[in-house]
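Visitor: Please show the structure and walk me through it with questions and answers.

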Amino acid sequence: MKVSDKYYDEIFDFLDQWDMPSKCGLKIITKGNKKIIVVTELYQDNPGTSVTYNGASLAWQICRAKGIKPEDMIYIECNPDTNSKLSFYDEEFFEVSFEFQGDRLTNPTYKALTSDEIRNYFKVF
Amino acid sequence: MKFKLIYPKWEKLPGQTTFNLPPHGPVVFAASLPSYVDVTFTDENVEDINFDEACDFIGVSMMLSTQVKRGWEIADEFRRRGKQVIFGGISTMLHAEETMLHADSVFLGESEGRMEEVLKDWKEGKLKKLYNFMAERPDIALVGPARRDLYKRHLYNHKGVQMVDLFHASRGCKFSCYPCAVSYLGGRHFRPRPLDKTIEELNTIDNNRLFIVDNSLAQSTDWELDLFREMIPLKKKWISHTIEDDPKVLDLAAQAGAWYVYQAVYDTSDYIKERIKRYHDYGIGVEGTILLGLDNQSEDDILRLIDFLLEIDLDLAEFTILAPFPHTKAYDDLLRQGRIFDHDWNHYNAGRVVYQPKHMSAERLQELYDYAWEAFYKDESQEEKMFKLFAQVMLKEMKDGTYRPRDRNLITKSFGKDVVRKISN
């Protein structure tokens with residue numbers, strides 16, 4: 001279940017709620033005044049928590065590390081294609097919205113993106 | 001100091017044969033306590049908790065999500081009585097935030113080499129709310145031997161037959177299976193215990209029948225071969241999860257006493273059929289584990305799978321419904337899709353639907369689960385099939401000269417309670 005590096009430009013190290021060292025793929029695309037942040041689950045190469053389980057904290061950690069204002073981001077979670085025979089590991093993209101609460105993000109809500117929507121965002125994959 | 005260690009009870013699945021096995025986590029944890037600690041152990045599944053027992057500090061060890069709510073109740077009661085309570089164990093790690101609301105302290109991670117610090121803090125009145133060792137796993141050589149002396153043995157006995165002892169030879173898992181949280185909890189790296197210590201501990205267990213609880217033995221061929229080779233002289237008989245599908249490994253496993261294995265049956269392919277046959281060719285029984293409710297299963301798929309199970313000569317079958325435990329991919333997927341409708345941890349027993357299945361209603365999946373149990377055990381009950389497997393192990397033990405007859409003193413007892421005999425007129 002090796003994840004192709006076409007999904008990311010860098011590996012981003014983050015901490016889960018219990019400071020467990022974790023890794024995800026990260027790609028940031030600038031589109032007008034918006035930053036499209038794509039975090040990719042790395043499965044076997046992620047020693048810690050998933051990008052989803054601690055998503056709000058991960059988004060916050062990326063914003064801080066990359067100097068991105070949360071209000072300027074479009075945040076997308078990617079389950080990459082792993083060439084698995086199991087359909088659970090097919091490629092999927094979700095746009096994630098958060099609520100701001102003081103100095104943190106909370107309450108992630110997810111919208112599955114269609115292939116057309118993905119193409120519109122990136123024209124990359 | 002007197003440390004009272006408790007393993008909370010959980011509600012067993014209706015309609016299934018209940019066996020209470022001596023729990024493994026608490027006695028492995030107890031081995032990590034300093035020698036000056038006087039430990040008592042209560043498994044609430046087989047005995048009531050004495051809340052008035054004189055003790056200094058309470059530990060609640062939890063493995064299953066279905067234990068956590070009861071664990072919180074127990075802690076609340078002890079804390080009302082002025083005792084301090086610390087939680088640990090697998091489901092404490094999965095439900096840590098909620099558990100902290102009921103705890104003086106929560107321990108996350110593996111306890112070997114850590115408990116001196118915790119107890120020193122406790123003695124000095126400086127117990128921390130959280131001991132977080134999730135990211136700092138101890139040297140695997142520090143593990144064990146488990147404190148099996150803490151078991152009240154007669155409580156793990158059914159009509160004179162001693163239940164299997166649980167044992168682990170490794171931690172961590174290199175696989176990252178869809179419904180499983182082990183790679184998060186124990187790490188994605190396979191960590192075998194030193195072979196000499198493993199064999200030394202096995203040798204001390206006063207029970208010829210074991211359940212090797214490692215998530216999968218199929219992590220390293222060389223390790224499996226070494227382990228099985230060293231186990232042969234012990235003449236133990238054991239149950240385990242999957243063994244690698246390799247003739248050399250299966251042959252040595254059989255020689256080392258493999259009694260039966262839990263093998264996932266996830267489709268109706270010839271590969272599965274052959275896999276089961278290969279175990280049987282080496283004299284190893286198979287209990288199929290069948291997970292229902294995955295997104296790639298339609299009603300027809302499940303019905304076909306049940307028919308298939310009846311054709312492939314499984315010795316036993318265990319059906320479960322997908323439960324989206326935290327820190328599994330199943331949880332992430334169902335959460336994102338807004339399909340989890342039941343967040344009561346008591347219902348996460350793998351026998352109850354807590355999410356909206358993709359291809360059928362929740363009610364229909366529940367019906368199919370009930371049907372699966374009924375259909376598989378229609379012609380021969382679970383108890384009858386278990387007895388057949390039991391007879392196999394008895395014969396092997398007789399051949400080895402290790403067979404122990406039933407304990408006649410406990411023949412009218414089942415897990416500490418009187419056996420109620422059904423007398424028909």
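Guide: Helices (H or I, at least four residues) and strands (E, at least two) are DSSP runs, numbered from the N terminus. The model is predicted: local features need pLDDT of at least 70, side-chain atom pairs count only at pLDDT 80 or more, and totals for chains, interfaces and linings use all residues. Residues are numbered from 1 along each chain as its sequence is written, chains are lettered from A and ligands numbered from 1 in the order in which they are written, and side-chain values use heavy atoms, with hydrogens and water left out.

Visitor: In what order do the elements of chain A run from the N terminus on?

Guide: Chain A holds two helices and six strands. Read from the N terminus, the order is β-β-β-α-β-β-β-α.

Visitor: What is the radius of gyration of chain A?

Guide: The radius of gyration is taken over C-alpha atoms, and the globule rule is 2.2 Å times the number of residues to the power 0.38. Along the principal axes, the C-alpha atoms of chain A fill a box of roughly 45 × 35 × 25 Å. For 125 residues a compact globule would come out near 14 Å, and chain A agrees with its value of 14 Å.

Visitor: What is the radius of gyration of chain B?

Guide: Chain B has 14 helices and 18 strands. For its 425 residues the globule rule gives 22 Å, and the value of chain B is close to that, so chain B is as compact as a globular protein of that length; its radius of gyration is 22 Å. The box of its C-alpha atoms, along the principal axes, is roughly 65 × 60 × 55 Å.

Visitor: What percentage of the residues in chain B is buried?

Guide: Buried means under 20% relative accessible area, exposed over 50%, and partly exposed in between (1.4 Å probe, protein chains only). In chain A, buried residues make up 47% of the 125 residues. In chain B, with 425 residues, the share is 54%.

Visitor: Of the contacts in chain B with a separation of 6 or more, what percentage comes from residues 24 or more positions apart?

Guide: A contact means heavy atoms within 4.5 Å. In chain A, among contacts between residues at least 6 apart in sequence, 51% join residues at least 24 apart. The corresponding value in chain B is 72%.

Visitor: How far apart do the centres of the positive and negative side chains of chain B lie?

Guide: Lys and Arg count as positive and Asp and Glu as negative, while His and the chain ends are not counted; the place of a charge is NZ of Lys, CZ of Arg, CG of Asp or CD of Glu. Chain A has 15 positive and 20 negative side chains, with the two centres 5 Å apart. Chain B has 57 positive and 68 negative side chains, and there the centres lie 3 Å apart.

Visitor: Which class of aromatic pair do Phe51(B) and Phe78(B) form?

Guide: Rings of Phe, Tyr and Trp (its six-membered ring) pair if their centres lie within 6.5 Å; planes under 30 degrees apart count as stacked, over 60 as edge-to-face and the rest as tilted. The whole structure has 26 such pairs over all chains. Phe51(B) and Phe78(B) are 4.8 Å apart centre to centre with 40° between the planes, so by these cut-offs the pair is tilted.

Visitor: Where in chain B does Phe78(B) lie?

Guide: Both Phe51(B) and Phe78(B) are buried. The pair links parts of the chain 27 residues apart: Phe51(B) is in the loop between β2 (38-43) and β3 (57-61), and Phe78(B) is in helix α2 (residues 65-80).

Visitor: Why is the pair of Phe190(B) and Trp223(B) classed as it is?

Guide: Phe190(B) counts as buried at 19% relative accessibility, and Trp223(B) does at 9%. Phe190(B) lies in the loop between α6 (182-185) and β11 (191-192) of chain B, and Trp223(B) in helix α8 (residues 221-231), 33 residues apart. The ring centres are 4.9 Å apart and the planes are at 75°, so the pair is edge-to-face.

Visitor: Between which residues is there a cis peptide bond, with omega about -5°?

Guide: Pro145(B) is placed in the loop between β6 (130-132) and β7 (157-158) of chain B. The cis bond joins Gly144(B) and Pro145(B).

Visitor: What is phi of Tyr43(A)?

Guide: Tyr43(A) sits in the loop between β3 (34-40) and α1 (55-66) of chain A. At 5% relative accessibility, Tyr43(A) counts as buried. Its phi is positive in a residue other than glycine, near 50°.
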